[in-house]
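Trainee: I would like a close look at the metal site. Please take me through it, and then through the strands.

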Amino acid sequence: MPELLRAASVAPMTPDQPPLLEDAAVVLEGDEILDLGSYSHMKRLHGGPVRDLGSVTLAPATFNSHVHLEMCHMLGRTVSGQGFVPWVTSLVSQPLYDLDPARVRAELFRMEQRGVGFLADISTRNAAKVGEILASSGLGFASFFEVIGNETPADPASLLPQVRDVDDCGRGVMSLAGHALYSTSPELIRAAKGLSLERGLPFSLHLAEHTDEDTILLYGKSPFLDLLMARGYLTSYTAPERRPVPLAQELGILDEGTLLVHCVTVTDADVKIIAASKASVCLCPRSNEFIGVGEAPVRGLLDAGVNVCLGTDGLCSNADLDPYGEVAWLLERHPGLDLVAALALITANPARYFSRSIPRARRLGSLAPGQMARFSIVPQAVLDICSHR
Ligand SMILES: [Zn+2]
């Protein structure tokens with residue numbers, strides 16, 4: 001028998017419906033959405049019990065499009081607000097890759113409670129283990145193994161972790177990510193991107209996160225480069241003398257299958273290149289603020305037609321892994337951004353990107369007949385920001 005979920009307001013996040021339905025109901029049949037519309041209309045059409053959620057705004061389950069779960073134990077252990085080099089120095093001076101599975105499971109549970117339905121994780125040392133943990137959660141996911149350094153294997157397929165539990169669970173994939181253009185050699189980045197293309201998998205890359213990145217790529221000089229060499233991440237370095245976005249374009253890695261993370265230091269010309277390439281962008285505004293690297297031009301990216309998503313980044317540069325925190329941050333600072341446009345950054349937009357390669361993502365991100373019955377409730381703090389404008 002169907003069941004009606006009634007709420008004061010529902011954000012369907014589909015072009016077929018108004019942005020917000022007032023006094024609405026979503027009709028559920030098992031794990032699937034059967035129908036939705038005004039409560040009075042749904043009540044007439046469908047029998048079954050009513051769960052009245054009261055004065056809440058119901059939205060689709062959210063996507064957190066960039067996380068580093070292997071660093072959950074680093075919460076509160078890095079310096080904040082002083083720029084990238086002091087932050088990363090404090091990070092790498094500690095056991096940053098000591099995965100704490102119990103802590104990761106606790107964070108996943110907390111995310112699910114807050115309505116996260118999908119996450120994209122980046123793991124440098126523990127991808128297979130994180131993949132197993134994600135497979136045992138209720139979440140849809142992309143579990144990226146992040147390649148770094150300048151050793152490219154003869155067979156790029158050997159880079160991709162094989163995780164039986166991930167293949168069997170049907171909710172996610174293992175894939176490959178590049179760390180950044182200065183820390184992963186062009187050959188290795190091309191090999192990882194090439195394999196992702198061949199297998200129809202998503203590909204993620206940190207790009208244009210901080211000004212040291214520009215300096216390293218242009219001039220081959222930065223205290224951060226010295227740190228990478230000293231720590232053994234790189235054995236040699238020749239500056240390509242290009243800024244991040246034009247270099248990514250030259251390497252042939254900008255296309256619909258690529259998710260560019262951060263994009264803080266992009267210029268107007270860079271934004272045009274990204275928009276023309278159809279690559280998606282994931283912004284992590286609270287992480288950028290925590291580290292002290294500046295703010296990405298969210299308005300410029302949206303106006304250029306870029307598919308913009310949001311991620312929290314790891315607990316080494318954020319207080320929690322709830323993407324509604326990123327939404328609140330943006331809404332507070334961008335009065336021109338409305339609630340539904342902000343919700344799209346954690347629902348419809350990432351669903352569009354991840355749907356290309358992950359069937360579970362196709363059934364999330366919007367509330368419509370046939371979609372999965374996965375929801376989030378828009379936090380009151382987010383609604384308050386919008387109502388106080
Ligand atoms: Zn990251």
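Mentor: H206 is buried, and so is D313. Buried means under 20% relative accessible area, exposed over 50%, and partly exposed in between, with a 1.4 Å probe and protein chains only. This is a predicted model: local features need pLDDT of at least 70, side-chain atom pairs count only at pLDDT 80 or more, and totals for chains, interfaces and linings use all residues. Residues are numbered from 1 along each chain as its sequence is written, and side-chain values use heavy atoms, with hydrogens and water left out.

Both residues belong to the zinc site. The protein donors are H66 (NE2), H68 (NE2), H206 (NE2) and D313 (OD), and they lie 2.1 to 2.8 Å from the zinc ion. Donors here are N, O and S atoms within 2.8 Å of the metal (3.2 Å for Na, K and Ca); water is not among the atoms, so sites may look incomplete. Along the sequence, the donor residues are spaced H-x1-H-x137-H-x106-D. H206 sits in strand β10 (residues 203-207), while D313 sits in the loop between β13 (308-310) and α13 (323-333); the pair is 107 residues apart and links distant parts of the chain. Helices (H or I, at least four residues) and strands (E, at least two) are DSSP runs, numbered from the N terminus.

Now the geometry. The four donor atoms subtend angles of 82 to 167° around the zinc ion, so the arrangement is irregular. Four donors count as tetrahedral if all angles lie between 85 and 135 degrees; four count as square planar and six as octahedral if opposite donors are over 155 degrees apart and all others between 65 and 115; anything else is irregular.

Next, strand β8. Eight of the eight residues of β8 (residues 140-147) are buried, so the strand is largely enclosed by the rest of the structure. G140, A142, F144 and E146 point one way, and F141, S143, F145 and V147 the other way. Strand β7 (residues 116-123) pairs with β8 in the parallel sense over six bridges. Two strands pair if DSSP finds at least two bridges between them. In this pairing, L119 stands opposite F141. β8 also pairs in the parallel sense with strand β9 (residues 172-178), over seven bridges. There, F145 stands opposite L176.

One backbone detail remains. H262, in strand β11 (residues 258-262), has a positive phi of about 95° although it is not a glycine. H262 is buried, with a relative accessible area of 0%.
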